[in-house]
Amino acid sequence: MKTNEEINEFGYREHDPVLITPDFMRKTCERYNELYFEGMLDVDRLTFELDYSSSYLACFVPNYLSIVFSRHFEFDYRKYRNTMVHEMCHYYLYSFSGENGSDNTFKYETVHGKAFQDLVDRLNSKHAELNVMLRDCDC
């Protein structure tokens, strides 16, 4: 671990292991909404959960407006932030892009499509601390 890294507002350095709780998820999501999405996301509508899946790091579940992180994996702060922002990109597109079906269900075939790629590229270019991947999870 680099000792010259600054401690962030959540008490972590970039490579510190993170203790993920629903409360931590909500607080970071609220902050990342301000930093990366200009406060456009309605974070109050979201629920935050943990599960034991080994098939994904995290997932946005549109039917429940939930972001779920797996307890099966360990996250340092950088990996956590990038993964949370990845899931927030799904929520952003769900909320604003018209990629919902007529019954307000998410079109899974477009989850990591061009609109998602463009949003991730824009965020990564604008914010040097981000390295959001296109395939952080399999959902």
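Biologist: Is the crossing in which H1 passes H2 left-handed or right-handed?
Modeller: In this predicted model, local features need pLDDT of at least 70, side-chain atom pairs count only at pLDDT 80 or more, and totals for chains, interfaces and linings use all residues. Residues are numbered from 1 along each chain as its sequence is written, and side-chain values use heavy atoms, with hydrogens and water left out. A crossing is left-handed if the near helix is turned anticlockwise from the far one by less than a right angle, and right-handed if clockwise. For H1 passing H2, the crossing is right-handed.

Biologist: How are H1 and H2 oriented to each other, roughly parallel or roughly perpendicular?
Modeller: Their axes lie 10 Å apart, at an angle of about 70 degrees. Angles of 65 to 115 degrees count as roughly perpendicular, under 35 as roughly parallel, over 145 as roughly antiparallel and the rest as oblique. H1 and H2 are therefore roughly perpendicular.

Biologist: Which residues of H2 does H1 meet?
Modeller: Contact means heavy atoms within 4.5 Å. From H1, the residues taking part are Phe24, Met25, Thr28, Cys29, Tyr32, Asn33, Tyr36 and Phe37. In H2 they meet Tyr77, Tyr80, Arg81, Met84, Val85, Met88, Cys89 and Tyr92.

Biologist: Which element has the highest confidence in the protein chain?
Modeller: Confidence here is pLDDT, the predictor's score for each residue from 0 to 100. The chain has a mean of 88, and 85% of its residues reach 70 or more. Strand E2 (residues 58-61) is lowest at a mean of 93, while the highest, at 98, is H1.

Methods. Axes are lines fitted to C-alpha atoms, for helices over the stretch in contact, and angles run from 0 to 180 degrees between N-to-C directions. Helices (H or I, at least four residues) and strands (E, at least two) are DSSP runs, numbered from the N terminus.
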